[in-house]
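Please look over the model shown here.

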Amino acid sequence: MAQVLVCAPANLAVDNLAEQLAKVLPQLGWRVLRFESQARQHLSTGPAELSVDFHLQTVADPTGEVQTYRRLCMLKQQTSELSAADLKQLSSARKVATQMAVNAAHVVCCTCSAAGDPLLAGFSFPYVLID
């Protein structure tokens, strides 16, 4: 599937672009994803339906990594602290789950700096739009 990477220098600009694209592109069967760096995920101000976590609800999970990711995220919210082993497993599951969500999207929106995130390193976007 040919994917489009849409970037802007500021989070607010990316949120606005993603919201506008999400109003039109789903009518064409295209999925829009708002990718955020791990450091910003808990500060997200964009619509939840564009987030990685929302997209993971519809992604096939043959390896069980998405389920592991959800379970550990819930545990972290409940206890606010994870063991070193759980943190390592969460990091690994987050990577796989995020890559699955990005792979399933047609349009990935992120800041210019987030485009260099290691989680996107394995992806090749034939089309790139920079605002």
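This is a predicted model: local features need pLDDT of at least 70, side-chain atom pairs count only at pLDDT 80 or more; totals for chains, interfaces and linings use all residues.

Residues are numbered from 1 along each chain as its sequence is written, and side-chain values use heavy atoms, with hydrogens and water left out.

**Overall fold**

- The protein has four helices and four strands. Both are DSSP runs, numbered from the N terminus: helices are H or I with at least four residues, strands are E with at least two.
- Along the sequence, the order is β-α-β-α-α-α-β-β.
- The radius of gyration, taken over C-alpha atoms, is 15 Å, close to the 14 Å that the globule rule gives for 131 residues, so the protein is as compact as a globular protein of that length. That rule is 2.2 Å times the number of residues to the power 0.38.
- The C-alpha trace spans about 40 × 30 × 25 Å along its principal axes.
- Of the 131 residues, 37% count as buried. Buried means under 20% relative accessible area, exposed over 50%, and partly exposed in between, with a 1.4 Å probe and protein chains only.
- A contact means heavy atoms within 4.5 Å. Among contacts between residues at least 6 apart in sequence, 69% join residues at least 24 apart.

**Strands around β3**

- Five of the five residues of β3 are buried, so this strand is largely enclosed by the rest of the structure.
- Val 107, Cys 109 and Thr 111 point one way from β3, while Val 108 and Cys 110 point the other way.
- β1 and β3 pair in the parallel sense over five bridges. Pairing requires at least two DSSP bridges between two strands.
- Arg 34 stands opposite Cys 109 in β3.

**Nonpolar cores**

- A nonpolar core is a set of buried Ala, Val, Leu, Ile, Met, Phe, Trp, Tyr and Cys residues joined through side-chain atoms within 4.5 Å.
- The largest has 25 residues, and Phe 35, Leu 56, Val 102, Val 108 and Cys 110 have the most contacts inside it.
- β1 (4-8), α3 (65-79), α4 (84-104) and β3 (107-111) each supply at least two residues of this core. α4 gives the most, with six residues.
- Apart from this core lies another, of ten residues, among them Val 6, Ala 8, Val 107 and Cys 109.
- Not counting residues up to four places away in sequence, Val 102 touches Gln 3, Leu 33, Phe 35, Val 108, Leu 120, Phe 123 and Phe 125.

**Salt bridge**

- A search of the whole structure finds one salt bridge. The criterion is a side-chain nitrogen of Lys or Arg within 4 Å of a carboxyl oxygen of Asp or Glu.
- Arg 34 pairs with Asp 15, the closest N and O atoms being 2.8 Å apart.
- The pair links distant parts of the chain, 19 residues apart: Arg 34 is in strand β2 and Asp 15 in helix α1 (residues 11-24).
- Both Arg 34 and Asp 15 are buried.

**A residue in α3**

- Thr 68 lies in helix α3. At 17% relative accessibility, Thr 68 counts as buried.
- Thr 68 touches Gln 89 and Ala 93, not counting residues up to four places away in sequence.
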